[in-house]
Amino acid sequence: MYDNYQYSIVERLSFVRWGGTEEEKRAAAIIKEEIEKLGGTAEYMSFQIPAATFKHYSAKVVAPFEKELEVLPYGLTGNLPEGGVDLKFYYAGRGIADDYYGMDDLSDTVVLINELNYDAYKLLCKKKAAAFLVVQNKIWDTHDTADLVYRPMRPKFLENGKVPGFMMWAADAVEIVRSGAEVLHLELQQDEFEATSQNVVSTIPGTDLASEAVVITAHYDSVTVGTGSWDNATGSATILYLYRYFLQNKPRRTLHFVWCGSEEQGLYGSKAYVEQKAEQVEKDIKFCFNFDMCGTALGPNLVFVTGGDDLKHYAEAFCREYGMSADIMVNVHSSDSAPFCDKGVPALGLSRGNRSAEIHTRNDTINPLSAAQLQKDGDFAAAFISRVVNSQRLPVPTGMPQNMKESIDKYFQRHLTSIAQDEEKKAKAEK
């Protein structure tokens, strides 16, 4: 038999919880209230995030034919002139240098590219593009099956400058390219500001080995469509389940629980934690367990290993001992464990894949989830974490091997250089 605890928490958290909004605050209050109901104590850890609201935006083909386009702007990309602007239209495909042969100044042009990545955006900035469009979804998607999903521009991209940008439906992109659109009228006015987000944090002190600590993380925010039930109300509910377990079964080592805010916008919550608790992370925290998407009725069990071979072998051995089949993947988990790993804390990401669920779409709802599977995931995690926090000595060495450090640097895009850095490097070389 199973209890319904995790599933009931997922139900309560199944609403849009975009970072920095009142809805995210409401979700944080639900988690804090539940911690206190269980007999624990919790507090908010506040931090600031970049945010934007749109006052007005539109897009229209004006020559050689007219067609209104449904678009959604990228946040934080700046504004177009008041009243809008008529711009030449150019389809640049992949948006690489070869796609702009002989084109050095795009200040009178809106550029359509297939997808947005760092190099494509950097090139748009370098060529002074007036605006850009990015294809979103598939050509067969309609309003009945898909959405344009809001995204703010990431800080790393903005190091190159600001180019007002929009997402558009693939079907519209096909039509305007095929029909020979030449001029578009674009309007975009947005207010950019700092919003307040928050982590919910709580600690269960250890007994005889309290000076060593393990951090247990999950993000509770969501994107702007769907209900975020799988991503990541399930992870938030699972670490509440673990919190309840360890309140009743006191650990030898200290456990820090962190429900992270604003993960979807760039891991802001976990980054804020490692910054505000820098001494604790450096001296006390020896291990991280992260939970990002659990509890689907269908799909494989997943274990993300960010650490050395010893950690991988330990995870494999424990799964065999426990009797759980899992895909063990050695890499940086693109979730809230990453900032801890960046500080040298090894991590395991415990998750569950799917054959029926989707993230970052309207289909992220409670339907693909199973109350029984959520508890199975929670029980496995409780057994695994208990083994680590109650061992006489930590089962694997702490720290991060060099090859994983390099992967972490790549994940955080430290190998990418901005236009300003390129110019500085060039100037030094010419001296």
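**View 1. Arg244 over the face of Tyr5.** In this predicted model, Arg244 lies over the face of Tyr5, at a distance of 4.4 Å from the ring centre. A charge is counted as sitting over a ring if CZ of Arg is within 6 Å of the ring centre and within 35 degrees of the ring normal.

**View 2. Arg26 over the ring of Phe15.** Here the ring belongs to Phe15, and the charged end of Arg26 sits over that ring, 3.7 Å from its centre.

**View 3. The ring pair of Tyr121 and Phe157.** The count of aromatic pairs in the model comes to 22. For Tyr121 and Phe157 the ring centres are 5.9 Å apart and the planes stand at 45°, so the pair is tilted.

**View 4. The ring pair of Tyr273 and Phe340.** The centres of the Tyr273 and Phe340 rings lie 5.7 Å apart with their planes at 45°, so this pair is tilted. Because Tyr273 is in helix H7 (residues 268-276) and Phe340 is in helix H10 (residues 338-342), the pair ties together parts that are 67 residues apart in sequence. Tyr273 is buried, and Phe340 is buried as well.

**View 5. A cluster of aromatic rings.** Phe287, Phe289, Tyr314, Phe318, Tyr322, Phe380 and Phe384 are joined into a cluster by ring pairs.

Technical notes: Residues are numbered from 1 along each chain as its sequence is written. This is a predicted model: local features need pLDDT of at least 70, side-chain atom pairs count only at pLDDT 80 or more; totals for chains, interfaces and linings use all residues. Side-chain values use heavy atoms; hydrogens and water are left out. Rings of Phe, Tyr and Trp (its six-membered ring) pair if their centres lie within 6.5 Å; planes under 30 degrees apart count as stacked, over 60 as edge-to-face and the rest as tilted. Helices (H or I, at least four residues) and strands (E, at least two) are DSSP runs, numbered from the N terminus. Buried means under 20% relative accessible area, exposed over 50%, partly exposed in between (1.4 Å probe, protein chains only).
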